[in-house]
Amino acid sequence: MFNLKKFIEALGISVIITIIAGFIIGFFEFPTVEGVIYINFIITYVTVGILMPLFNRKVPYTAAFLGAISMTLINIIFSINVLQLPIFVYPEIVNENLLASTIATMITAVIVVSILNRRETEAYD
Amino acid sequence: MIKESFRIYNDHLIKILILSVMIVIPLTLFNYFATYYFYTNLQEDQYPAMYAFFLIVVNFTLLIPVFKKLAVSDLLDEDDVSIWELSYEFIRHFGLIMLVTIPLYIVGMLGSSLLFIPTFICFSIILLVPFFVNQDKIRDVFKKVGRVFRDENIFLLLDFLVIVCLQVLVWSLFSLAFESFENNFYVYAVSRAIINALIYPVLIFYLTMRYVNIDSESRRYL
């Protein structure tokens, strides 16, 4: 069964990891802003993809998909309210955002689920 | 209750010091720098003071599960909880506390024109949720919060008074020490972090004993 409490816990942990990663990346001097954004993007959605199957073992793919979408929504709402960027004006950017984040999360989730399954069968043997 | 909370503070002093170095001081410094960023970068019509107050509130509520677990395990005479378990408590309940705090804070701020009644209700729920966050289902969390809110109702204002007064008292006493120096932004950040590491454990032990029903006979708490 889908456990909402565990889902929220995993989302919170990935938010913490994003904040800490962004804080640490700020100490290094990257030549471009795009590099910082890409690194932070990869860290965020890979953590979502790793943590969601671990916390919701029964329904890993649903949890990973919902986690990716809610993480993107949190990012979009934050950038609209705090940074005052009108993102909803450009539908293509929202589409790209959702697509890229979902793909990154789902690929990680598939790999993590296969690793977990193999570990379980080895433990059973 | 105050004597008992000081006893717990005395017994677990080393653990509390390690926890403050690991969690309390970095969190406070981060929130202080974020407040500074909001104050310098946001315009006047974006209300930077609202963001600053939100960060101060969150700084207190996020730390409650950590010290609550320490107090409960001490009162139930359980085995020593390790540092990792306590810090995992902070990491685990981050999401739910933020998810409850953000909408209720917005509602409370918007409702401040209605004689501050929605503000009081929302801030009481924000204060009470971290004490009962350690349940399996979200419905149980709100059921327990509702029970405490029904029993205590207006006396929660006294607790707000205690929290705010202790902060202001210690802050004013502490800032007397470097009153006449040429002060920096970092001095205030560091002193704020030290004060938070000093008082938050005692406050949270006291509030835990007030709200959480602990029955040491049957070794369980409600």
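**Exercise 1.** Find the helix that holds A:Ile19, and decide whether this residue is buried or exposed, or in between.

*Solution.* Step one: A:Ile19 sits in helix H1 of chain A (helices are DSSP runs of H or I, at least four residues, numbered from the N terminus). Step two: its relative accessible area is 35%. Buried means under 20%, exposed over 50%, and partly exposed in between (1.4 Å probe, protein chains only), so A:Ile19 is partly exposed.

Before going on: this is a predicted model, where local features need pLDDT of at least 70 and side-chain atom pairs pLDDT 80 or more, while totals for chains, interfaces and linings use all residues. Residues count from 1 along each chain as written, chains are lettered from A and ligands numbered from 1 in written order, and side-chain values use heavy atoms, without hydrogens and water.

**Exercise 2.** Work out what kind of aromatic pair B:Phe67 and B:Phe205 form.

*Solution.* Step one: the ring centres are 6.3 Å apart, and Phe, Tyr and Trp (six-membered ring) rings pair within 6.5 Å. Step two: the planes make 85 degrees; under 30 degrees is stacked, over 60 edge-to-face, the rest tilted, so the pair is edge-to-face. Step three: B:Phe67 is in helix H4 (residues 64–75) of chain B and B:Phe205 in helix H10 of chain B, 138 residues apart. Both are buried.

Definitions and conventions
Helix = DSSP H or I, 4+ residues; strand = E, 2+ residues; numbered from the N terminus.
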